[in-house]
Structures are given as C-alpha cells and as structure tokens.
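Please have a look at the sequence and the structure before I go on.

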Amino acid sequence: MFRPVLFSLLPVLMPLLPAAELTVATFNIRMETRGDLGTRNWNARKDLVVETIRKMNPDLLGVQEALPRQMDYLAGKLPDYERYGVGRDDGKNRGEYSALFVRKERLERDPEEGGTFWLSATPEQAGSKTWGNGVTRICTWARLVDRRTGKGLYFYNTHWDHQSQPSREQAGRLMAQRIDGRKRPGEPVVLTGDFNATETNPGVAYLLGRKVELAGGKAPDQWKSPLRAPFFELHPGVRNRNTFNRWKGVIPGSRMIDHVLVSSHWEVRKAWIEHHMRGKMVPSDHWPVAAVIALAK
C-alpha cells in the first residue's frame, strides 16, 4: 500500500533536491623558468601548486602558462582529472598551454566538440599573432557533459596578451563570436582565464555586456549574449582584489586580472580568490580565482 504513495510524492520532492553544483577555478601557475630562484623556482613550489588546486577542489580548472613539463607533473599529481589542450607555439607540445583539467568522475568530454584557437586574425593557424601582440595567445575549449544531470556545457580557458591593448580588445570580440557560434547555443558557458585586464578594460567589459569601442570596430559595440562575473556579483564592495601578487603574497589594490565568467544559465553560490600560502611562500605570482555555480532553475 505504501508504494503508490511514495511514487506519487516523487514529483513533489524532486524540486526540493539540491541542484548539482560545480566548482570552477582559474590558475596562472607561472611558467617554469631558470630566472625564478629560491621559493619562486618551480621545483620548490610545484607541490604547493597542487596543494592549492586540491584546496579549491574544482570540477573545472583552467590553467595558464603551463609548459609541457609542468603539464606532465600536474597530470601525474591529478590523476582524477582529464587534461586537454595543446602548446601555443605549434598546436602540439611546444610553448605554454592554456589547458583544461576536468574531473573525470563528474564530467565527460564530448570528443566531437573542442579544440584550441589562436587569438589572431587567423585563429586556426597554430602560432599565429596578428593584432600587435609579440607573444602568441590562445583559447582552449571543450563541450562537457555532466554525468550527474546528463546536461551539456561549454568550457573555455584563455590567456590574453600582457602588453597589447588592441590584442585584448580583438580577443574579446573573437571569443564572443566563438561562444555565439557553438553548436548548441542553448547550453551554458563557463570561461576562465588570465585576461591581463581588469573588469573595466574594454576587452573584458565587452564580454560582460557593456557598450564599448573595440579595436578594429567602426562604432561602439555591445555583445548581445554577455557573461557575468561571479566574484563581482557576490563581492561588489571588495576593494582589495589583486590577483597578480608579484610574489609578495596578499597585497592591497583592485587589479583583478584573473577571472571566472559564466553565462546567464548559472546561479552563483560562492566566489573567492584563493590566498593559499605556506608561511610566506606563494604558489605562483598569480592568485587563483574560484566559483561555485549551479544551473538556475
């Protein structure tokens, strides 16, 4: 006699179940270079990088500045994640990666949708740079399917130029075009990256839906499908939000250049800058940024 009653209650109980949350993070791990001495050296801090990632516990992680040997180290220390990406210099294994690390147990990568495009006028040409940037810049992306819900999402991770403002503005336009051009336009988007630009920079502001003038344009432009910044939604009054720490730890200032951005499909539950240290030792010259999101009802 109880079975019909229990089954009849299921439609009532389902809306009460918590939505499946996802934790997203972006982390410029600082490339391995001989010029970084002492605690700045990759071999000295690499386990702290992994420790920081584990502390955030992301389901989706976008890393920047990861050279091939660093990618191999992270993959070995994070066996529960699938790595995805290519070196920016040749589209294979040379140069820095702007790679995705995706928790295997939670998310499955769609093998038919994903890849890397170059932030240039020839985005399919490996190693290309045409907008005044002296350094090659890329975006790596993939369509993922949430194993809990069966729903798909698009994950993009990028690293913009540190010197050329025209390059940053053109990158904003190109990335908006690529997001608009995804095969399943109704599915949600997550974008992570080191943008080398704050939220007021026209390149980032364009992605956030503000009307701005962009390099290469003829008039002010406004994206019709803007993203949102979880950190600013939840912490609009926080003034000290530097993410480029210059190896000095937590320093005052508002230069937040590392961002997690999400489409309107998401409800934002939490957002933070991860100030994880070991004494005075920092894991990188950038602080990672993270957010907890869930599909809006």
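This is a predicted model: local features need pLDDT of at least 70, side-chain atom pairs count only at pLDDT 80 or more; totals for chains, interfaces and linings use all residues.

Let me begin with charges that meet: Arg-54, Asp-59, Asp-80 and Arg-103 are linked in a network of salt bridges, where a salt bridge is a side-chain nitrogen of Lys or Arg within 4 Å of a carboxyl oxygen of Asp or Glu. Residues are numbered from 1 along each chain as its sequence is written, and side-chain values use heavy atoms, with hydrogens and water left out.

How many salt bridges does the structure hold? It holds 22 of them, and I will pick out two further pairs.

In one of these, the side chains of Asp-47 and Arg-278 meet at 3.5 Å, N to O. Asp-47 lies in helix H2 and Arg-278 in the loop between S10 and strand S11 (289–295), so the pair ties together parts that are 231 residues apart in sequence. Asp-47 is partly exposed at 35% relative accessibility, and Arg-278 is partly exposed with a relative accessible area of 35%.

The other pair is Glu-199 and Arg-241, whose side chains meet in a salt bridge at 3.0 Å, N to O. This pair links distant parts of the chain, with Glu-199 in the loop between S8 and H5 and Arg-241 in the loop between H6 and S9, 42 residues apart. Are these two residues buried or exposed? Glu-199 is buried, with a relative accessible area of 10%, and Arg-241 counts as buried at 13%.

Most residues other than glycine have a negative phi. Asn-196, although it is not a glycine, has a positive phi of about 50°, and this residue sits in the loop between strand S8 (189–194) and helix H5 (202–207), where it counts as buried at 14% relative accessibility. Trp-247, again not a glycine, has a positive phi of about 70°; its place is in the loop between helix H6 (230–234) and strand S9 (258–262), and at 15% relative accessibility Trp-247 counts as buried.

Now to the strands, starting with S2. Why can we call strand S2 largely enclosed by the rest of the structure? The reason is that 7 of the 7 residues of S2, residues 60–66, are buried. S1 and S2 pair in the parallel sense over 5 bridges, and two strands are said to pair if DSSP finds at least two bridges between them. One of the residues involved is Asn-28, whose bridge partner in S2 is Gln-64.

Helix H2 also holds Val-50, which is buried, with a relative accessible area of 10%. The C-alpha atoms of Val-50 and Phe-231 are separated by 23 Å, and these residues are 181 apart along the chain.

In strand S10 (residues 266–273) we find Arg-269, which counts as partly exposed at 34% relative accessibility. Its C-alpha atom and that of Val-190, 79 residues apart along the chain, are separated by 15 Å.

Let me finish between strand S1 (21–28) and helix H2 (42–56), where the loop contains Arg-40, a residue that is partly exposed, with a relative accessible area of 38%.

Conventions. Helices (H or I, at least four residues) and strands (E, at least two) are DSSP runs, numbered from the N terminus. Buried means under 20% relative accessible area, exposed over 50%, partly exposed in between (1.4 Å probe, protein chains only).
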